[in-house]
Amino acid sequence: MEPTVKIAIFAAVLLGVVVLLELGLRWGLGLGRPPLYQADDSIGYLLAPNQQLRRFGNRIAINAYAMRNEAIQPQRPEQTLRVLLLGDSIVNGNWWTDQTETLSALLENTLRSQLSGLSEQAYTDVEVLNVSANSWGPRNQRAYVERYGTFDAQVVVLVLNTDDLFATAPTSLQVGRDPGYPDRNPGGAIAELIDRKRNQGRPIPGLKEIQNESGDRVGTNLAAVEAIYQQVIAAEGNMILVLTPLKREVLPPGPRDYEIKARQRVDEWVADRGIAYVNFLGDFQAVDDPETLYRDHIHLSPTGNVTVKDALFSVVRDQLSTQPVPSSL
């Protein structure tokens, strides 16, 4: 066989392998089209609006308001119960959670199944809005609410985890630089795989200084929570604060001293305002095998999501039972 023929055959085989690999990564895993982020001067970053994609077999939909929801009307429709979940990756679910299995979708389904008995108001529909992004802290969340408001939600649920009490100031430095925060689609599935491998862990100029923020972070973040609370009150809604623990907190020996002190400050803030508060530390510790509630050190497993959803349903129901019927309905 002529050398040129051998080279041609080898090139054809190699091309076929590359094409099959590209298609396998693209259609099998969803690589090549990651969820995109958008830098923002005040919020830091948010998910780019109007995305529909599938990642590792899970469907992801982002609407015009950077929510992990289908399209909504900014003004709440009449006779609709609207709950706004505000959080980080625990609420968002990221690529490992299908759209139908997010905390917001689970809560919406449960509320819808119990709609007739939720309150004196005859609601005919329910929407649970998912306002979240990976690694958001209270200051990111405050900036979002200051920008967009609460969308006429009767109930706003702020879901924090222990690490959020120590979150740093919003920044957009990682957008387009960190592989976890892309701002454009890569050149293909193989290109994404190579880029992620090449850029994973690469230092981002200026980010370390922000992550080393000094001062009273807990106090600063509680001030942001206070600002969210005031915005909810001004919109005539009810606010529920939720705090989920890290996995190591539910295992012996429990939270560290600085976490205990931060939690005490949250307890005092809640007590001063008399708002509904769901602290999952004790509940999670009481589970026979609390590790089943987690998929890693912080994010909830499907079992953990259902546990949180059940508790949220109960407290939302209680809030609605004491809430006046809106005059506009």
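I count two strands as paired if DSSP finds at least two bridges between them. Strands (E, at least two residues) and helices (H or I, at least four) are DSSP runs, numbered from the N terminus.

**Set-up.** This is a predicted model, so I note that local features need pLDDT of at least 70, side-chain atom pairs count only at pLDDT 80 or more, and totals for chains, interfaces and linings use all residues. Residues are numbered from 1 along each chain as its sequence is written, and side-chain values use heavy atoms, with hydrogens and water left out.

**Sheet.** I looked up β5 (residues 80-87) first. It pairs with β6 in the parallel sense, over eight bridges. Arg82 stands opposite Glu127 in β6. I then traced the open sheet: five strands, parallel pairing, order β6-β5-β7-β8-β9. β6 (125-132) and β9 (276-279) are the edge strands, each pairing on one side only. From one strand to the next, the twist averages 15°.

**Helices on the sheet.** For contact I take heavy atoms within 4.5 Å. Axes are lines fitted to C-alpha atoms, for helices over the stretch in contact; angles run from 0 to 180 degrees between N-to-C directions. Helix α3 (residues 103-113) lies across β5 and β6, at about 165° to β6. Helix α9 (residues 257-273) lies across β8 (238-244) and β9, at about 165° to β8.

**Cavity.** On a 1 Å grid over the protein atoms alone, a cavity is a set of points where a 1.4 Å probe fits but cannot get out; a pocket is an open set with protein on both sides within 12 Å along at least five of seven lines; lining residues have an atom within 4 Å of a point. Points are joined across faces, edges and corners, and a volume is the space filled by probe spheres set on them. My search of the whole structure gives one cavity of 30 Å³ or more. The largest cavity has about 60 Å³. Its lining includes Trp96, Leu103 and His299. Helix α2 (residues 89-92) gives the largest share, three residues. I class Ala, Val, Leu, Ile, Met, Phe, Trp, Tyr, Cys and Pro as nonpolar, Asp, Glu, Lys and Arg as charged, and the others, Gly among them, as polar. The cavity lining then has five nonpolar, six polar and no charged residues.

**Pockets.** The largest pocket has about 590 Å³. Of its 26 lining residues, Ser135, Trp136, Ala167, Thr168 and Gln211 lie nearest the centre. Helix α6 (residues 207-211) gives the most, three residues. The second largest pocket holds about 500 Å³. Its lining has 13 nonpolar, eight polar and four charged residues.
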